[in-house]
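Q: Hey, I've just opened this one and it's new to me. Can we walk through it together?
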Amino acid sequence: MYGAGLALLLALQVADTLSSTLGKALAYRATPTEGVTAFFAILPTIVNRSLVLAVPFAILLGLSRLQRDSELKAAFAAGIRPLSLVWPLLLPFALVGAVAFWNAGTVVPAGLDRWDRTWFGIFNMPEKIPTRDNYTYAPPGALYYAGRVTPGTPPTPSPVADSAGTSANLAQLAGVMVQRGGVVYTANSGVWDAAQRTWTLDSPWVTAPGQRPRQQAGPLTLPQTDALRPPPAEAKKVSNAQLRSALSGPGLSAQERREYTYQLASRYADPFTPIAFALAAAALGLLIRNQAAALAVVIVFIAGFYVLWITMPQLARAGAVDPTLAAWVPSLVFVLLGLGLAWRVNR
């Protein structure tokens with residue numbers, strides 16, 4: 001039954017992926033090689049979802065069939081306790097969780113990175129320029145802030161572009177604010193020259209204590225001693241070892257740290273979900289008397305898990321919920337549900 005559920009969910013997700021991407025691939029004349037590469041790049045992600053979601057499908061429909069054939073009644077009449085049928089189901093699905101853990105931590109991140117790079121090639125576009133949002137640097141007596149830092153040479157002529165610096169040492173700044181002493185400088189844009197260790201602000205507004213704000217007619221160059229580092233990779237494209245390494249260092253912003261923490265915690269929590277599903281589905285399956293009800297419960301299970309699964313990352317990213325707790329909430333909810341149902345079965 002688990003194999004049938006796994007095959008069904010794989011087929012549904014593959015069909016959904018093809019329906020959403022095939023038209024784009026044909027419109028941009030993707031080659032067969034690019035299409036195959038994209039498919040196998042996203043396949044590990046599809047497999048991981050299917051490994052988890054097939055658990056309630058298999059258990060609920062399997063137990064409902066045993067109910068229909070009166071095999072459970074015969075087992076109970078022979079003196080077998082209901083919960084003794086639940087605990088043995090946890091072991092095989094713990095093995096499923098182990099496979100999901102390995103896949104999520106090693107194969108899926110590389111696949112998602114390859115998926116994006118393949119589609120950039122199909123669209124004939126350069127890969128997305130890495131940017132860093134809400135950059136803040138606070139040395140003694142100063143504060144530097146940029147809403148966005150984009151590596152690369154500025155597209156418009158700039159005094160920095162004509163200097164000895166190379167594009168590897170340059171970055172564009174947007175939404176800039178610098179405070180040095182009691183003076184505040186703000187500008188819509190600017191340039192970071194890491195070789196010269198300066199920020200050049202384009203026609204900044206200058207606000208000094210006791211004076212009216214004034215706009216400087218030309219660029220203003222200020223010293224900036226921080227290193228220009230590329231932004232961290234997207235958390236979903238980073239392996240477990242790289243996530244742990246990044247979290248142990250100081251290079252992440254508060255939001256990036258939350259995202260990395262959530263991603264690492266979810267790679268441990270999500271593989272535990274098959275066990276939580278097995279416990280809840282097995283206990284509930286002993287209470288359901290027909291297959292129609294079992295199928296309805298499968299839908300409710302998957303829908304409930306999906307709502308939690310897409311809501312928790314947003315709350316963690318916003319800082320409303322601790323990232324580690326947010327990652328474990330879906331599994332913990334189904335564990336508590338399973339324990340409650342197990343208590344009900346045992347009464």
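Q: Is arginine 148 buried, partly exposed or exposed?
A: Arginine 148 counts as partly exposed, because its relative accessibility is 39%. Buried means under 20% relative accessible area, exposed over 50% and partly exposed in between (1.4 Å probe, protein chains only).

Q: Before I go on, what kind of model is this?
A: It's a predicted model, where local features need pLDDT of at least 70, side-chain atom pairs count only at pLDDT 80 or more, and totals for chains, interfaces and linings use all residues. Residues are numbered from 1 along each chain as its sequence is written, and side-chain values use heavy atoms, with hydrogens and water left out.

Q: How many salt bridges does the structure hold?
A: Six. One of them joins the side chains of aspartate 116 and lysine 237 (2.4 Å, N to O). Aspartate 116 lies in helix 4 and lysine 237 in the loop between strand 8 and helix 5 (240-247), so the pair ties together parts that are 121 residues apart in sequence.

Q: And lysine 237, buried or exposed?
A: Lysine 237 is buried, because its relative accessible area is 18%. Lysine 237 also forms a salt bridge with glutamate 234, with the closest N and O atoms 3.2 Å apart. Shared partners join Asp116, Glu234 and Lys237 into one network.

Q: New topic: which residues touch the most other members of the largest nonpolar core?
A: Tyr2, Val55, Ile59, Phe93, Phe277, Phe301 and Phe334 do, out of 29 residues. Such a core is a set of buried Ala, Val, Leu, Ile, Met, Phe, Trp, Tyr and Cys residues joined through side-chain atoms within 4.5 Å.

Q: Which residues are in the other core?
A: Among its 17 residues are Ala142, Val178, Trp192 and Trp199.

Notes
Salt bridge = Lys/Arg side-chain N within 4 Å of Asp/Glu carboxyl O. Helix = DSSP H or I, 4+ residues; strand = E, 2+ residues; numbered from the N terminus.
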